[in-house]
Amino acid sequence: MSGSAYISNDLDVSGNIDVSNNLQVGGNTDVSGNVTIDGNIDISNNISIGGDTDISGTIIIDGGADISGNLQVGGNTDVSGNITIDAQGNDTDIIFKGTDGSSDTTFLTIDGSAAGEATFNAGIVIADAGNIGSASDKDAIAIASDGVVT
């Protein structure tokens with residue numbers, strides 16, 4: 001589709017969706033293939049995508065989103081509720097990546113096979129007057145407002 005699309009009811013597609021402009025759906029959206037949208041996507045209900053999703057514009061989802069493939073967002077994402085990242089496979093990791101200079105870099109890995117152990121690539125910086133603690137001692141390590149650690 002080379003223009004914008006507005007669908008007032010549900011959208012159910014068993015193949016792929018490729019939109020070069022905006023897609024607005026008033027009902028539920030269920031796609032078993034891949035979704036590629038070069039514009040914005042605005043869905044007022046639920047979206048379920050079984051394939052990969054690549055959106056270079058803005059995503060606004062007022063309902064729920066269930067994406068079992070990969071989700072790549074190049075534009076803005078506006079979420080008014082909680083964001084839940086659930087690596088549902090057994091012992092799967094949650095990995096935060098970005099570009100540092102011109103190098104692709106893994107910034108943080110949360111290890112699913114180690115009960116959520118977090119590995120930071122470079123370090124952790126706690127603001128002055130902050131604390132590092134555990135469930136039983138929230139301020140086991142205290143950082144004073146002048147940066148002194150106690």
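**Close-up views of a strand-built predicted model**

**View 1. The hairpin of β15 and β16.** In this predicted model, the hairpin that joins β15 to β16 has 5 residues between the strands, and A115 takes a positive phi near 60° there. Strands here are DSSP runs of E with at least two residues, numbered from the N terminus, and two strands pair if DSSP finds at least two bridges between them. Strand β15, residues 103-111, pairs with β16 in the antiparallel sense over 4 bridges. Within this pairing, I110 stands opposite A118 of β16, while the bridge partner of L108 is F120, also in β16.

**View 2. The hairpin of β14 and β15.** Strands β14 and β15 run antiparallel and are joined by 7 bridges. Their hairpin has 2 residues between the strands, and G101 takes a positive phi near 70° in it. T99 stands opposite D104, a residue of β15.

**View 3. The three-stranded sheet.** An open sheet is formed by 3 strands in the order β14-β15-β16, with antiparallel pairing. Its edge strands, each of which pairs on one side only, are β14 (94-100) and β16 (117-120). Neighbouring strands of this sheet are turned by 20° against each other on average, direction ignored, where the axes are lines fitted to C-alpha atoms and angles run from 0 to 180 degrees between N-to-C directions.

View 4. F120 is found in strand β16 and counts as partly exposed because its relative accessibility is 39% (buried means under 20% relative accessible area, exposed over 50%, partly exposed in between, with a 1.4 Å probe and protein chains only). Together with I124, I126, I132, I141 and V149, F120 makes a nonpolar surface patch of about 510 Å². Such a patch consists of residues with over 30% relative accessible area and no salt bridge, with nonpolar side chains (Val, Leu, Ile, Met, Phe, Trp, Tyr) joined within 5 Å; a salt bridge is a side-chain nitrogen of Lys or Arg within 4 Å of a carboxyl oxygen of Asp or Glu.

**View 5. The setting of these views.** The protein has 0 helices and 18 strands, and 20% of its 150 residues count as buried.

**Notes.** Residues are numbered from 1 along each chain as its sequence is written, and side-chain values use heavy atoms, with hydrogens and water left out. Local features need pLDDT of at least 70 and side-chain atom pairs count only at pLDDT 80 or more, whereas totals for chains, interfaces and linings use all residues.

Definitions and conventions
Patch = residues over 30% accessible without salt bridge, like charges linked within 9 Å, V, L, I, M, F, W, Y side chains within 5 Å. Areas by Shrake-Rupley, 256 points an atom, 1.4 Å probe, with all protein chains shown as cover.
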